[in-house]
Amino acid sequence: MRILHVITRLIHGGAQRNTMMCAAEQARRGHEVTLVTGPEAGPEGSLLEEAAQDPYRLIVLPDLVRDPSPARDLRALVELWKLMGDHRFQVVHTHTSKAGILGRWAAALRRVPAVVHTPHGHVFHGYFSSWKTRIFREVERLTARTTHRIVALTEGDLRDHLQEGIAPADRFVIIPSGVSLERYRRPSETASGGQDLTIGFVARLVEVKGVLDLLEAVALVVARFPRARLVLVGDGPLREAVLERIQTLGLASHVELLGRLEDPAPALRGFDLFVLPSHNEGMGRAVVEAMAAGLPVVATCVGGLPDVVVDGETGLLVPPRDPEALAEAMTRLLEDPDLRGRMGLAGQVRAEEFSDQVMFDRLEALYSEILTRPNK
């Protein structure tokens, strides 16, 4: 198959890792694969150099940018249309909202046989102002008509899209964002005892990941566990706000900000529990990675997180934007090493359902199904 992936930017993030993994594996399986992205990076760090080493054709379009820009968006649309005409792709697979809009309309104009879109969550909550969100919603509804299949990462992700009226249910398919589990696995260990415990967080430092809520919760936790500490792995536009909040809350001796790590697996192996207090989350790749590492998880019950974390079995779920509930859940796990151990082992089993190989096989089957249907 001749496959084109389109994504706005290659920064350190779950959607970007997912896109690169898929393109690389498809190229290794013998398909002719091209990945198109824009030039933007950001405080999260760029993956462009890494992508250039992967076994697919990488093309950077200067006008493919994340923020709305009518002139640049039109130029990007024309460039995508030209590229699709030159290479006659059989499959166009777009990723994230902006690239999904431009890429799918270019594919529709070129009558590409199979057009697939993965939103990697959605931008309907926690990203933009209300008027921008309304515009994106209407544009997504219109663009969905050009799409053969929309990939939801979880049942919760699917429910959110259906509630927003993006497309009918038969337009969707659920395929998790696969994780290479082997690099995160660690041997079963005896859980730590006492109060000298490490709470871990791995995500971009952006509002939607709830990192400021986490700091408020940790301030409550250390009142009961003075030797507890929080390790933050990641970078982003909230970095300065995070540092300021750490000082304001008197947490300087309890919080370590490691920044972005090329490989977070070693850091995960040093945690006792993992927390992701997102306000909106399509699936939560970091949660799967943490479970593969044998960690119990505290997460918010938003988007696809309840489809990944089994409340009471692999971790604990709490309401979003609720530092008190978050602190209570973390405290429960800090107090009970046996519970941490049981949940960690159950999480390792659960993580198998979200492996990269599951994702690769389901995507290949999806492409083939669309291409062989008589009425696509």
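Predicted model: local features only at pLDDT ≥ 70, side-chain atom pairs only at ≥ 80, totals over all residues.

Me: OK, Thr-8 then. Buried or exposed?
Reply: Buried. Thr-8 has a relative accessibility of 4%, so Thr-8 falls under the 20% cut-off.

Me: Where is Thr-8 in the chain?
Reply: In the loop between β1 (2–7) and α1 (14–28).

Me: And what does Thr-8 touch, beyond its neighbours within four places in sequence?
Reply: Thr-37, Gly-38, Leu-64, Val-65, Arg-66, Thr-96, Lys-98 and Ala-99. The side chain of Thr-8 also reaches the backbone nitrogen of Ala-99, at 3.2 Å.

Me: Thr-96 is on that list. Where does Thr-96 sit?
Reply: Thr-96 is in the loop between β4 and α4. Its relative accessibility is 17%, so Thr-96 is buried too.

Me: What is its phi?
Reply: Near 70 degrees, a positive value, and Thr-96 is not a glycine. Most residues other than glycine have a negative phi.

Me: Which other residue has a positive phi without being a glycine?
Reply: Arg-88 is one, with a phi of about 50 degrees. Arg-88 lies in the loop between α3 and β4 (91–95).

Me: Is Arg-88 buried or exposed?
Reply: Exposed. Its relative accessible area is 63%, so Arg-88 passes the 50% cut-off.

Me: Switching to helices. How do α3 and α4 cross?
Reply: The axes of α3 (residues 70–87) and α4 (residues 97–109) come within 9 Å and cross at roughly 45 degrees. The crossing is right-handed.

Me: Why call α3 and α4 oblique?
Reply: Roughly parallel needs an angle under 35 degrees, and roughly perpendicular runs from 65 to 115. The crossing is at roughly 45 degrees, so α3 and α4 count as oblique.

Me: Which residues meet there?
Reply: From α3, Asp-73, Ala-76, Leu-77, Leu-80, Trp-81 and Met-84. From α4, the partners include Lys-98, Leu-102, Trp-105 and Leu-109.

Me: Next, α7. Mostly covered or mostly open?
Reply: Mostly covered. Helix α7 spans residues 211–221, and eight of its eleven residues are buried. Among them are Leu-214, Ala-217, Val-218 and Val-221.

Me: What covers the buried residues of α7?
Reply: Several elements, including β8 (198–202), β9 (229–233), α8 (239–248) and α12 (323–335).

Me: And the largest nonpolar core? How many residues has it?
Reply: The largest nonpolar core has 67 residues. Those with the most contacts inside it are Leu-232, Phe-274 and Met-330.

Me: What does Met-330 touch?
Reply: Beyond its neighbours within four places in sequence, its contacts include Leu-214, Ala-217, Val-218 and Val-221. Those four are also buried residues of α7. Ile-199, Leu-273, Val-275 and Val-298 are in contact with Met-330 as well.

Me: What about a second core?
Reply: There is a separate one of 25 residues, which includes Ala-23, Leu-47, Val-91 and Leu-366. In soluble globular proteins, nonpolar side chains tend to be buried together.

Me: Last one, Glu-207. Where is Glu-207?
Reply: In the loop between β8 and α7. Glu-207 is partly exposed, at 45% relative accessible area.

Me: What does Glu-207 touch?
Reply: Leu-238 and His-279, not counting residues up to four places away in sequence.

Me: How far is Asp-272 from Glu-207?
Reply: Their C-alpha atoms are separated by 24 Å. Along the chain, Glu-207 and Asp-272 are 65 residues apart.

How values were computed
Residues numbered from 1 in each chain as written. Heavy atoms only, no water. Buried < 20%, exposed > 50% of the residue type's maximum accessible area, 1.4 Å probe, protein only. Helix = DSSP H or I, 4+ residues; strand = E, 2+ residues; numbered from the N terminus. Contact = heavy atoms within 4.5 Å. Polar contact = N/O pair within 3.5 Å; in protein donor to acceptor, adjacent residues only side chain to side chain. Core = buried A, V, L, I, M, F, W, Y, C linked by side-chain atoms within 4.5 Å. Axes fitted to C-alpha atoms, helices over the stretch in contact; angles between N-to-C directions. Parallel < 35°, antiparallel > 145°, perpendicular 65-115°, else oblique. Left-handed = near helix turned anticlockwise from the far one by under 90°.
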